[in-house]
Structure formats: structure tokens, C-alpha cells
Amino acid sequence: MLQQLESVKSKWGGQSHVIDRWLMDRQALLVSYCELAGINNDSECLPDADEIANFCSALLDYLSAGHFEVFDILVENDTEGLNLRDSLYPKLSKTTDAALAFNDTFAQSVTLEQAADLDSALASLGETLEERFTLEDELISHVHSNPRDPEVTL
């Protein structure tokens, strides 16, 4: 996912402050995810409750930014973009629902039973995030491959 992000940033970065900020938020979320999942970490300990809560907060912030800010800006005044958004939105909503389910399960406190499921839940969430980022990248690609009204600023 980090390699995919670097590819997206090198391809489309620097052309829009909205997209740049969103990609920076994605990067921060991915770094937090990797830390929580213990990727590149030799420790076999479970993360503490604050780490999980911080990740869940970052996850919700990222999801909210997409749904309530970025998606509409990316396709604003663009019929083809609106159609793309409408076709992708059900898929994006499924990834949102999966991420919200993770948040609902782990954000407050992790019971011993839940702790046993954290690794598999994180792995599943990682797959969900990868799917989501691919869908989001389709919207970003659309913006950069279609001329926009000069009055619409990203």
C-alpha cells in the first residue's frame, strides 16, 4: 500500500492542494496502520489501548474527509466525474462500513477475547483499505485526465 501511495504521489502530487493534503493524510494513516499491525516490528506484544484508539481516530478522520470533503470536490461541475463517483460510491461505502465495524469493535477498549482477533481484523482492514485506496485513485486519475473548469480549484 505504501508503494501504491508513492506511485500516486509521484504521478499526481503537487497539482492540487486538496489531493496533496488527502494523500498526506493517507500516508499518516498507513504509517499508523503499519505501527499498529506490528509491520517491521519484532515485538509480539499487542498494541496498547491508546495506540488502537489513535489509529481508529485517524481512520475515522480519513474516511470522513473522503466522504464529506474530497469526493465531491474531485467531481464538482463534471458530469462524467459525477457518474464515476456514483458508480464507485457503493464500493467505497462498503469499505467505509468495514472500517467503521473495525472502529466499533476496537476503538473503546479491547477485551481479551477481542485481542485474540486483532491480528486477523487488522489484516482484513488492510485489504479493505487497499481496495478503498484503489477506488479513490480512480477518482484522482479522473481529475487529472479530464480538463476542468478553470474556476474550479482543487
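**Reading a helical model**

Cys56 is buried, at a relative accessible area of 1%. This is a predicted model: local features need pLDDT of at least 70, side-chain atom pairs count only at pLDDT 80 or more, and totals for chains, interfaces and linings use all residues. Residues are numbered from 1 along each chain as its sequence is written, and side-chain values use heavy atoms, with hydrogens and water left out.

Q: When does a residue count as buried, and how much of the protein chain does?
A: Buried means under 20% relative accessible area, with a 1.4 Å probe and protein chains only. Here, buried residues are 40% of the 154 in the protein chain. Cys34, at 17%, is buried too.

Q: How many disulfides does the structure hold?
A: A disulfide is a pair of cysteine sulfur atoms within 2.5 Å. The structure has 0.

Q: What is the secondary structure of the protein chain?
A: Helices are DSSP runs of H or I, at least four residues; strands are runs of E, at least two; both are numbered from the N terminus. The protein chain has 5 helices and 0 strands.

Q: At what angle do H3 and H4 pack?
A: Axes are lines fitted to C-alpha atoms over the stretch in contact, and angles run from 0 to 180 degrees between N-to-C directions. H3 (residues 49–75) and H4 (residues 79–106) pack at about 165 degrees, axes 11 Å apart. Angles over 145 degrees count as roughly antiparallel, so H3 is roughly antiparallel to H4.

Q: Which residues in H3 and H4 meet?
A: Contact means heavy atoms within 4.5 Å. Among them are Cys56, Leu59 and Phe71 in H3, and Leu82, Tyr89 and Phe106 in H4.

Conventions
Buried < 20%, exposed > 50% of the residue type's maximum accessible area, 1.4 Å probe, protein only. Parallel < 35°, antiparallel > 145°, perpendicular 65-115°, else oblique.
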